[in-house]
Amino acid sequence: MSHVVNSKGRGGFIAGFLILPLALYLTFVIWPYVQTFGYSFTNWTGQSPTFDFVGLDNYSALLKDEVFRGALLHNLLLLVFVPTVTILIALFFAFMLNAGGRSGAGGVQGVAGSALYKVIYFFPQVLSLAILAVLFGAVYRSDEGGLLNGFLTKLGLVDPAHPIEWLNEPNFVLWCLLLVVVWHGVGFYLVLFSAAMQSVPKDIYEAALLDGAGRAQTFFKVTLPLLWDSVQTSAVYLGIAAMDMFVLVSTMTSGQFGGGPDHHSEVMATVLMRNFLYFGKAGYACAMGVVMLVLTLILSAITLRATRREHVEF
Amino acid sequence: MGSTSAHGENSNGEGFGRRDLIKRSAALGLIAVPTMSFLSACASGSDETTKGNESKVAITKENPFGVAKGSKLDVVVFKGGYGDDYAKAWEAAFDKKWGTTSSHLSTQEITSKLQPRFNGGNPPDVVDDSGAQQIKLDVLATGNQLADLTAVLDAPSLDDPSKKVRDTLMAGTVEGGMIGGKFVALQYVYTVWGLWYSGKLFKEKGWAPPKTWPEFMDICQKAKAAGIGGLAHQGKYPYYINVAIMDLIAKKGGLDAMKAIDNLEPNAFADNPVALEAVEAIYEIVEKDLLMPGTNGLTHTESQTQWNQGKAAFITSGSWLENEQLKQTPEDFDMQFLPMPVLPGSKLPFEAIRAGAGEPFIVPEKAANKAGGLEFLRSMLSREWSTLFAQQANSLTVLKDGVDPAVKLRPGTQSAVAALKAAGDNTFNYRYADWYSAMGTELENASNELMAKRIQPKEWIKRAQAAVDKATKDPNAKNNKRS
C-alpha cells in the first residue's frame, strides 16, 4: 500500500483498468442497440446489404399490427403474474424454512429438515431453459403419453380418446407457460430471500416472539419490511423475464418461433424473430426491438420507483 | 422444401437462437470495419493462387471441365435427415476415378461455417446448402458467389455420352435451380408428398389402400372400430395437414385451382366450391372423431412414432419420412406411400401426386477447384451415384430412372418410385409457401384451428382468402407468377 499515490494519479490508474471493459461494453452492448435503432427506420430484409430509409413507417405499421399488440398484452399479463406469484411463493417458503419452525427453546428456526429443502428447491434453477422446455413438453404432451394426461386418465378425469391438448388450448397455453416460469424461478428467489432473512438479527425475532407475535405477524411486521430491498430487486428481474419469455414460447408452442395456437401464446420476442428470420422483414423487427427495449426500461424505472421505501437499518 | 429433418417450418428456434443472433451481429459490427481491408487483400491475393491451381488440363469428352489429377476437392454437406454416408461414398468413388484427395465436412451449421469462407474468398468446391441454416441462395447469387452450372447441364451424361445431362433430369429440376435467369443450384432430391400407411397393418386387417375419399373415410372408421386412430398428423406443425388440404384442392379442381392460389387470385378460396369441399372433407375427419387422439398437439417425431407403433392408419408427410423414422420403424412395418385419395368428380386422377426437387447443391464461383466441383455434380447425376444416394439416404434423386432396378430399396422409397411412375406427367407442386411465407403461416394457423374443431370450414375459407389478399400487397407479388 503506497500512501504517495495522489487522487489524480489514482484516477488515471483506475481508468487504465476500465478502458478495455468499457470498450468491450460499447462494442458488444451499446453498438448493437444503436444499430438496431438505425435499422428500425429502414426496409432492410436481413438477407441483403442494401436497404432504403423509410422513416417511421415501421413504427406506424407496428401500431396497426394486431399480432404484435396481442403479444404485448400477453407480456403485460405475464408481467403482472410472473413476479407476483413467484415472489409470494418464494417468500412463503423462505419464511417457513428460516423462521417458520416451532419456536423451541432456542428461539427462531425453520421447519424440520429445512437445510435439505433448500437444496431441493434450488434444483430447478440448475436446469437450463432448453432442458426445461423438453421436460415440460413431456408433462404437457397432448396424448396419453403426457405426464398430466396420463395421470388424469388413470384417475378417470380425462377420456383417453380425447386427451387435453394443454399447449394447443387457447385458454390454457399461457397459464401452462406461466407455471413453468414460476416452477423454475421459485427456488432461486427462495435462496435469495433466505440469505436476506438470515442476515436479520435473531434478537429482533426473539423480541417479537416475546411480545407475543404469531407467525403471520412476525412475517408482515418484521420479515417483509427488512427484506424489502431483495423483493424489489426480484420484482425487476422477474419483470424483465416476463417481458422476454422467448425460449419457452418458441420451443414449447406451435408455429414458426412458437406463439401458437393461433397467436394465443405470442410474446413480443417471438413476433420479432418470426419477422426477422422468417418473413424477411428485419427493419420491421428492429422497430419491435426498440419498442421492447423502451418498454423494459420504463417498467424497470416504474418498479424501482413504486417500490421505493425507507430503508430500515439493522 | 424437402430439406429433410429441418424443413424450414420445423426449425422451432433450436438452431439459431436470438442470443446467437445478438452475439453474431455484435461480433460482425466489431470485425466489419477493421477486416474490410484485410478481406479485400485476401481476395486479391487468392486470385493468383487459384490461377496457379487451375493448371492447363486438356479438356476432353471424358473430362469436360478439365479436372486435374492429384488436385484437392473440398466438399461440405448438410447433415440432416439424409445423413452424410452417401457423400462419403461419393467422395471415395470420385477420388478413385480422378486421383483427387477429397476433404469432407458434414454440418448442420452451414451459415456459420461457410460465411467467413465466402467472405474470405476461399469457399469449398461443392456445398450442399440446405437445412434451417442454409445460406439463402438469392443472397449468394446477388453477391456473385455462385458458379453458373449450365456447363454441367450441357455436358455429356456419364451413363450415355450421346445424351446431355439436361435430358436425363426430372421435369422441374432446371427451373428449380434458376435464379435471376441463371442455373446456379442443382436441386438434387426428388420428393413426393401424400399419405403413408403400414403395409403390414393393412394386410392384417384386410384393408385395401383407398383410392377415393369415401373409401378413405371407410378405412378411418374401421380403424376407429379397431381401437386406433384413422389419420395422424404432425399437429405442432400444421404444414403437414395443409399438404392434405391443398392436395385435395389441386386434385379436385385441377392445376387451375392450384395456380389460382399461387397467383393470389381473388377467388382462390372465396366463392370457390372446390376449396370449400376439400376443407369440409378434412373437417369431416375431425367431426367424426377419426383423428389419432392427441395428434393435434404432437411434434412431427412424436406423431410419426405413434403411427409407427400402429396407433393410426394414415399419416401425411413427404418422402423424407422413411429415412427420418428409420430407427423408430419396426422391421416388418412395410411402409407404403399413397397418393391423396380423390373427392368425387376430381379433375386429376387418383395417381396424381405432389412432387418436386429440393436440397440444393452449389459450386461457389471462387472455388479453388471449380472443375472438380462441376465434375462432382455431373457424377451425382450418374445412375451409379444416384443409386448410392437412394440406398444410403432412402430417397429419390432428380435423375430420371436414377435407381438401378437391381438394387433393393426400402419399401417406402420403393412405393414412392412406383407411385411416381404411375403418376407420369400428373404431378403438381405448390409454390405459395416459398414465395409468401406470411401467407403460408396464416394458412397453417387456420388449419390448426380447424383440426382442433375451433373453427368451421367456412371460417377457414374466409381466413385463407384474407391471407391471400394480404399477400397481394407483398412486393414480390408482381414477380412471382406461374402459368
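Is A:Met245 buried or exposed, and at what relative accessibility?

Reply: A:Met245 counts as buried, because its relative accessibility is 8%. Buried means under 20% relative accessible area, exposed over 50%, and partly exposed in between, with a 1.4 Å probe and protein chains only.

A word on the source. This is a predicted model, where local features need pLDDT of at least 70, side-chain atom pairs count only at pLDDT 80 or more, and totals for chains, interfaces and linings use all residues. Residues are numbered from 1 along each chain as its sequence is written, chains are lettered from A and ligands numbered from 1 in the order in which they are written, and side-chain values use heavy atoms, with hydrogens and water left out.

Now the place. A:Met245 sits in the loop between helix 9 (215-244) and helix 10 of chain A. Helices (H or I, at least four residues) are DSSP runs, numbered from the N terminus. The phi of A:Met245 is near 65 degrees, a positive value in a residue other than glycine.

Move on to the loop between helix 10 (246-252) and helix 11 (268-278) of chain A, where A:Pro261 is found. A cis peptide bond joins A:Gly260 and A:Pro261. Its omega is about -5 degrees. A:Phe257 also has its place in the loop between helix 10 and helix 11 of chain A. The phi of A:Phe257 is near 65 degrees, positive in a residue other than glycine. A:Phe257 counts as buried, because its relative accessibility is 5%.

Conventions:
Helix = DSSP H or I, 4+ residues; strand = E, 2+ residues; numbered from the N terminus.
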